[in-house]
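This briefing looks at a few local features, grouped by topic. Please read it alongside the sequence and the structure shown here.

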Amino acid sequence: MNKLVKAMLHNKNIVLGVCGGIAAYKACELTSRLKKQDANIDVIMTKSAAEFVTQLTFQSLSLNQVITDMFDKPKHWEIEHISLAKKADIIVIAPATANVIGKLANGIADDMLTTTVMASKAIKLIAPAMNTNMYENVVVQRNIETLKQLGYYFIEPSEGRLACGDIGKGKMAEPELIETKIKELLLKPQDLEGKTVLVTAGPTIEALDPVRFITNHSTGKMGFAIAEKAVSRGAKVHLVSGPSNLPTPYGVERHDVESALDMYDAVMKLMEKADIIIKSAAVADYRIAEVSSEKIKKSEEEFVIKLKKNPDILQELGKIKGSKVLIGFAMETQNLIENAKTKVAKKNLDFIVANNLKTEGAGFAADTNVVKIIDKSGNVEDIPLMKKSDLADIILDKAISINK
Ligand code: C5P
C-alpha cells in the first residue's frame, strides 16, 4: 500500500464528520492534509464538536461551507444531507464518539451527521476517540462490531495519555494514518474485479464420539485476512472455514464446516467457479477411524485410537486445477524450504506460503507472520515480519500476476 502514500486524492469527495471530543483539533490537521491533496471536503460538525473547534476553522481549511446542525437550516437540511450523502466517495468520522458510533449501529439518525451517514452508500471510515474505559465498554465494542459487520471500516485508537489524564487506548489515530487509510480505501486497485477467489481457513475438527474431537491451534486469522482483502480488491469470495470465532469479513460468502471431509465436499463444490484457490486451512491429516455414536466410557488404563488418513484436499485440487491458480500453506518445525518445495511439486501448486512455527511473530494465533514464498520454479522469496493483512495483499498480488 505504500505506493498509495504519494498518490493524490484529486477531486475525491470526502465528507468529514467531526464529533465532540478534544481530538476534534486533530480533525483540523486532517482537513488541511486532505485539502492539500486536492480533495473536496465537506465538514459536518455535531453540536458538541462546535464546542471544541469553531465552524470557521474548518471553513477556512476546507474552503467549503461547514454544516453544524441540521436544524440551523430547516429549509435546506433535507436536501443537503441527501446531496452530501450522494456526492461522497467516502465519509470519514474523526473523531467518532461512543455516542455517534452507538447511534449509527442502532439506526438512530437525529442530526445532520447521522442522517447523512445513514443516507449514504459511500465507503465509511470511523476513527474512534474516547476514554479507555468507554472504548473498552462492552456496549461500545458491540456497536463497533455491528458496524464492522455492516462494512464500516475502523481505524483503531492508539494508546497513550488521554486528555482526561488516564493512560490507555482511546487516542484518535494520527491524521497521517487516517489520510493513508483514506487513500487505501479510495485508491486501492480493483484488480480482482470479475474474479472468484476460494479461500479455506481455520482448523478442522475430527470427532471421536458425540463429545470429544481432535483438532489443532489454527484460528483462521490468515485465511480471513486473505478473504477480506480479496473482497476489497473486487473479487467474489467464498470462504470455507473450519470452526473459528472470527467474524465474517463484510462481503465474503462464508461456508462453515467441521471435519476435513466436510471441507473436502465444500471445496469440491465451489472450486469449479474459482479462478484463484488459496488453501490456508490447517486440515487434519487424519480422522478417527471409527466414530462412536455414543459417549465412550472410561474403562481400561490405556485407550488406543485408530486413525485413518483424510483426503489431501490440496493435492486433489492440484490434479484438476487446469489454469486456476492454486496456492498452499505449509507450517513446518524443521527443513522448511525443502519440505515446502516438495509440497509445491507433489500438490501441483503455483506457490506455497511457508512458515516455521518456531519463528517469532509467525504461527497460529498471532496477528503477524514471517514467511517464505516458494514458487514452482523453486524461487524462494523471503517475506519479513508483517501483519497478516499486509501479507494477504502480497499473496493476492502474486496470485494476480499468475492469473492474468
Ligand atoms: O502437507 P501439509 O498438510 O503440510 O500441506 C499443507 C497444505 O495442504 C495447506 O495448504 C492445507 O490447507 C492443505 N491440506 C489439505 N488437505 C489435507 C491436509 C493439508 O488441503 N488433508
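Predicted model: local features only at pLDDT ≥ 70, side-chain atom pairs only at ≥ 80, totals over all residues.

A residue counts as buried when its relative accessible area is under 20%, and as exposed when that value is over 50%.

**Cysteines**

- The structure holds zero disulfides, a disulfide being a pair of cysteine sulfur atoms within 2.5 Å.
- Cys 19 is in no disulfide, and the nearest cysteine sulfur to its own, that of Cys 28, is 14 Å away.
- Cys 28 is likewise in no disulfide, with the sulfur of Cys 19 as the nearest cysteine sulfur.
- With a relative accessible area of 12%, Cys 28 falls under the 20% cut-off and is therefore buried, and Cys 19, at 1%, is buried as well.

**Helix H12**

- Helix H12, which spans residues 313–320, has Ile 313, Leu 314, Leu 317 and Gly 318 as its buried residues.
- Seen down the axis of H12, these buried residues fall within an arc of 140°, and they therefore line one face of the helix.
- The buried residues of H12 pack against helix H11 (260–270), strand S13 (276–279) and strand S16 (325–332).

**Nonpolar surface patch**

- Ile 214, Tyr 286, Phe 303, Ile 305 and Leu 307 together make a nonpolar surface patch of about 460 Å².
- Phe 303, one of the residues of this patch, is found in the loop between strand S14 (286–288) and strand S15 (307–309).
- Phe 303 has a relative accessible area of 53%, which is over 50%, so this residue is classed as exposed.

Notes. Residues numbered from 1 in each chain as written. Heavy atoms only, no water. Patch = residues over 30% accessible without salt bridge, like charges linked within 9 Å, V, L, I, M, F, W, Y side chains within 5 Å. Areas by Shrake-Rupley, 256 points an atom, 1.4 Å probe, with all protein chains shown as cover. Salt bridge = Lys/Arg side-chain N within 4 Å of Asp/Glu carboxyl O. Helix = DSSP H or I, 4+ residues; strand = E, 2+ residues; numbered from the N terminus. Buried < 20%, exposed > 50% of the residue type's maximum accessible area, 1.4 Å probe, protein only. Arc of directions from axis to C-beta. Contact = heavy atoms within 4.5 Å.
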